[in-house]
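Subject: Structure for your files

Hello,

Here is the structure I said I would pass on, followed by notes on what turned up in it.

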Amino acid sequence: TLILGIESSCDETAASVVKNGRTVLSNIISSQIDLHTLYGGVVPELASRKHIEKINQVIRLALEEAGVTLDDLDAIGVTYGPGLVGALLVGVSEAKAIAWAKDIPLVGVHHIEGHVSANYIEHPDLEPPFMCEIISGGHTHLVLVKDYGEFEILGRSRDDAAGEAFDKVARAIGLGYPGGPKIDKAAREGNPHAVELPRPHITNEIREGSGVSKRARDGSEGKYDFSFSGLKSATLNYLNKCAMTGQTVSQADVAASFQQAVVDELVENAMRAAEDYQTETFAIAGGVAANSALRRAMKEACGKRGIRFCYPSPIFCTDNAAMIGVAAYYDYIKGIRSGWDLNAVPNLKLGER
Ligand code: ATP
Ligand code: MG
Ligand code: FE
């Protein structure tokens with residue numbers, strides 16, 4: 001089975017040909033980073049226009065590199081949410097046009113389900129159930145992957161996503177956009193204990209169900225939730241204080257200290273859930289899963305507990321279309337199809353269709 005995956009939810013125009021849901025024959029990614037760097041972040045209208053300019057070329061390259069033509073394809077998989085509406089529409093329209101012209105099935109894919117599915121590419125024997133921490137620019141979710149495309153959400157960020165915090169702190173210390181990879185690099189030269197930062201735990205009180213949040217109080221949610229805005233504010237406060245007192249700031253030390261605090265929160269929460277649920281396999285997904293300190297810490301924490309740890313190569317952590325082709329395959333073999341009325345859904349929730 002050959003599936004063409006298409007991804008255009010944010011600032012990457014991507015296409016990929018995936019064979020039998022596991023073998024990536026091509027993986028073309030056209031990044032708009034240079035364009036958006038000028039503005040310090042993604043400008044939605046510019047993103048949509050760039051997707052239109054690039055998408056045909058990206059698809060042509062993906063087919064060429066895979067050595068196939070549109071006639072060889074069994075289905076088209078495309079991200080239809082969540083993301084920027086104008087950006088999503090480019091991919092969705094393109095996918096519909098190809099599926100209609102070639103009379104093949106169209107499968108709309110949830111972007112975050114795609115991120116999780118990236119793990120199947122390099123772990124051919126990985127199958128649900130497993131636990132997955134999804135850590136991206138817009139999401140921080142701890143989920144049980146019960147089956148292909150079937151999730152139980154155990155925890156989520158109550159404020160900023162981890163990637164968002166990386167990007168904001170990077171901007172504040174002058175590293176620019178996109179922040180994650182730059183903090184990762186700068187942190188290698190820094191001391192993770194140089195700047196004292198709070199560990200952004202949701203307090204145990206709230207976790208135990210007697211705290212402020214109603215959801216937490218009735219015990220329905222909270223135990224594995226994340227929070228990153230306090231940590232982000234503490235970092236910004238530190239920078240302001242240094243500016244006012246004339247203290248010199250080490251970019252590398254702030255990067256390393258901030259990164260360590262994020263990693264601690266991500267690992268601690270993950271391992272608490274993994275122990276509670278007696279998880280045998282733990283995976284990470286999303287752009288922040290490419291972070292070298294996180295990968296190291298997670299590997300060690302899982303190793304200590306005898307848990308198998310899976311993670312995608314960095315190129316499959318950040319946005320790509322291979323992961324969309326993989327996710328589409330598992331829907332396709334279940335008989336799931338999208339109609340010609342498939343639309344972009346900017347705030348699509350995980351587990352929704
Ligand atoms: P979402 O997937 O939630 O819709 P997105 O598609 O914008 O959001 P991704 O492409 O999955 O997010 O990931 C991008 C995020 O990952 C950015 O916030 C970026 O800073 C972060 N990131 C990328 N590489 C690294 C790294 N090495 N260390 C930390 N963060 C990183
Ligand atoms: Mg991106
Ligand atoms: Fe993403």
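Are H6 and H10 roughly parallel or roughly perpendicular to each other? They are roughly perpendicular to each other, given that angles of 65 to 115 degrees count as roughly perpendicular, under 35 as roughly parallel, over 145 as roughly antiparallel and the rest as oblique.

Before the details, two remarks on conventions. This is a predicted model, in which local features need pLDDT of at least 70 and side-chain atom pairs count only at pLDDT 80 or more, while totals for chains, interfaces and linings use all residues. Residues are numbered from 1 along each chain as its sequence is written, and chains are lettered from A and ligands numbered from 1 in the order in which they are written.

Helix packing

Helices (H or I, at least four residues) and strands (E, at least two) are DSSP runs, numbered from the N terminus. H6 covers residues 179-187 and H10 covers residues 251-276; they pack at an angle of about 110°, and their axes are 8 Å apart. Axes here are lines fitted to C-alpha atoms, for helices over the stretch in contact, and angles run from 0 to 180 degrees between N-to-C directions. The crossing of H6 and H10 is left-handed, meaning that the near helix is turned anticlockwise from the far one by less than a right angle (clockwise would be right-handed). On the H6 side the contact is made by Ile183, Ala186 and Ala187, and on the H10 side by Gln251, Ala252, Ala255, Ala256, Phe258 and Gln259. Two residues are in contact if their C-beta atoms, placed from the backbone, lie within 7 Å. The H6-H10 contact holds seven nonpolar, two polar and no charged residues. In this division Ala, Val, Leu, Ile, Met, Phe, Trp, Tyr, Cys and Pro count as nonpolar, Asp, Glu, Lys and Arg as charged, and the others, Gly among them, as polar.

A second pair is H2 (residues 44-66) with H3 (residues 85-102), packed at an angle of about 20° with axes 7 Å apart. That angle makes H2 roughly parallel to H3. Pro44, Glu45, Ala47, Ser48, His51, Ile52 and Ile55 of H2 meet Gly86, Ala87, Val90 and Glu94 of H3. By class, six of these residues are nonpolar, three polar and two charged.

Annotated sites

UniProt (unreviewed entry) gives a "binding site" at His111, His115 and Asp319. Those positions are spread over 209 residues of sequence, yet they cluster in space, with a largest C-alpha distance of 8.8 Å. UniProt positions are in the numbering used here, feature names are shortened, and annotations may be inferred rather than shown by experiment. The cut-offs are 20 or more other C-beta atoms within 10 Å for buried, 12 or fewer for exposed, and partly exposed in between, with C-beta atoms placed from the backbone. Leaving out residues up to four places away in sequence, His115 touches Ile134, Ser136, Ala285, Gly286 and Met323.

Ser136 is in the loop between strand S6 (130-135) and strand S7 (140-147) and is buried, with 24 other C-beta atoms within 10 Å. Asp184 lies in H6 and is buried, with 20. Beyond four places in sequence, Asp184 touches Asn291 and Ser292.

Backbone points to check by eye

Most residues other than glycine have a negative phi, and most peptide bonds are trans. Gly81 and Pro82 are joined by a cis peptide bond, omega about -10°, and the bond from Tyr177 to Pro178 is cis with omega near -5°. Pro178 lies in the loop between helix H5 (162-172) and H6.

Asn20, not a glycine, has a positive phi of about 50°; Asn20 is exposed, with 11 C-beta neighbours inside 10 Å. Gln278 has a positive phi near 50° and is exposed, with 8 other C-beta atoms within 10 Å. The loop that holds Gln278 runs between H10 and strand S9 (281-285).

Regards
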